[in-house]
Amino acid sequence: MQYEAPLTTQAAVALLAKAKGNAFVLAGGSDLLVRMKGGFIEPDLVVDIKRIKAMREVKKTAAGWTIGAAVSCAELGENKALIKAWPGVVEAANLIGSKQVQGRCTIVGNMCNAGPAADSVPAMVAAGARAQIAGPKGRRAIPVELVAIGPGKTSLKKGELVEAILLPKRPAHSGDAYLRFIPRSEMDIAVVSCGISLTLDGKGMVKDARVSLGAVAPTVLLVPDAARAIVGTNLDDAALEKLGRACSAACRPIDDKRGTVEFRTKVAAVLAKRAAKIAYTRAGGK
Amino acid sequence: MSVKVSTTINGDSVDFICEPDETLLDALRNRVGLTGAKEGCGTGDCGACSITIDGRLVCSCLVLGAEAEGREIETVEGMADGDKLHPLQRKFIEHAALQCGICTPGFLIAARALLDRNPDPDEEEIRFGLAGNLCRCTGYDKIVRAVQDAAKEMRGA
């Protein structure tokens, strides 16, 4: 195996593009090293992106926020301005693993690992986040929900890597939240999860919403019907019920040791209602 | 092809050579001779291999040795000041917060990282802060008491 730690995105792209055999990007390594040591993958090349300065930064821009691909989740949890703007995204990122894992893991790695239960992904999807991708043909940005195409599979092409997550600018009266169900109190993988982002008008009516579910399908889902259920309401009980039903209807889960189809389908509705209330309060709704 | 790594460990400049796919934990133990960090699970679940890199708590089993180039690494071997134990080490002994001892270096490093950021954690914060460290002997209670007592002493309270 060859280990490279390039200093620029261009150099990283060049290494990945010309790689023969299995090439992998190393950000935090909390998934990659486990897969390597478990014998699930045998990399010929590992490209460590943590020496690329731009990928180590969180920047507030005119368009919103740019979170570099090598920024650890622990660093996100210490960024007060980011927490204020996108509390749901940060709380989701901070639910991944232990403090030790937090010190290494990244939301871009979480997304590119393409696990259906990835904690940060539903929050990013609800936030309308985009993944900025660099490749041999230049740069492109796609919605986060289009990165994973199945468990462990992404739409990235050879030579491409995700440089950053782009979070949009927040209108006034906006809030987001992420909740997951796990049987323990910490250090576990979501059985069901839900991310919700919404924007209110000045009178507490939901003007705009995005709802996302994790661990109930091969990829994280964006659920437009669930968003439609609460837009134009002040999140009254009827709207919450409709939100819950839309979420349950969108679930296509599997039965496994973590939870049954029935349980996941039911809990998706429960989490969606709770997350919506938290997002609503954060948006300034009463 | 082997990788030559120049790094700082517990304040000392250290050079070592490792394989590109070798973990920092293996490099520390087998190349540098620092066996304080232990391998429990090797998958980032147990925390026995906890160290800090540039002040950040990590599992050294999930870090490649090659990544240590130019970084500042702290292991349990650097906690005591000569013969003078760190307050956390002393309190772990006083409270009998260990039995077999395999998890102890990881707990000490994780507890120090916790107190660096939060000098006065409540019990819940301690338990969450140390959730990445598994102990199969003590039942955790004595560890929590030891950390609380050390925190109190370190605050000068």
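## Burial in chain B

A residue counts as buried if 20 or more other C-beta atoms lie within 10 Å of its own. The model described here is predicted. By that criterion, 48% of the 157 residues of chain B are buried.

## Size and fold of chain B

Chain B contains 5 helices and 5 strands. Read from the N terminus, its elements follow the order β-β-α-β-β-β-α-α-α-α.

The C-alpha trace of chain B extends over about 50 × 30 × 25 Å along its principal axes. A compact globule of 157 residues would have a radius of gyration near 15 Å, and the value for chain B, 15 Å, agrees with this. Among the contacts in chain B with a separation of 6 or more, 58% come from residues 24 or more positions apart.

## A helix pair in chain A

In chain A, helix 10 covers residues 237-250 and helix 11 covers residues 261-282; their axes come within 8 Å and cross at roughly 140°.

On the side of helix 10 of chain A, the contact is formed by A:Leu240, A:Leu243, A:Gly244, A:Arg245, A:Cys247 and A:Ser248. Helix 11 of chain A contributes A:Thr265, A:Lys266, A:Ala268, A:Ala269, A:Ala272, A:Lys273 and A:Ala276. Sorted by class, the contact between helix 10 and helix 11 of chain A has 7 nonpolar, 3 polar and 3 charged residues.

Definitions and conventions: Residues numbered from 1 in each chain as written. Chains lettered and ligands numbered in written order. Predicted model: local features only at pLDDT ≥ 70, side-chain atom pairs only at ≥ 80, totals over all residues. Axes fitted to C-alpha atoms, helices over the stretch in contact; angles between N-to-C directions. Helix = DSSP H or I, 4+ residues; strand = E, 2+ residues; numbered from the N terminus. Contact = placed C-beta atoms within 7 Å. Nonpolar A, V, L, I, M, F, W, Y, C, P; charged D, E, K, R; others polar. Rg over C-alpha atoms; globule rule 2.2 N^0.38 Å. Buried ≥ 20, exposed ≤ 12 C-beta atoms within 10 Å, placed from the backbone.
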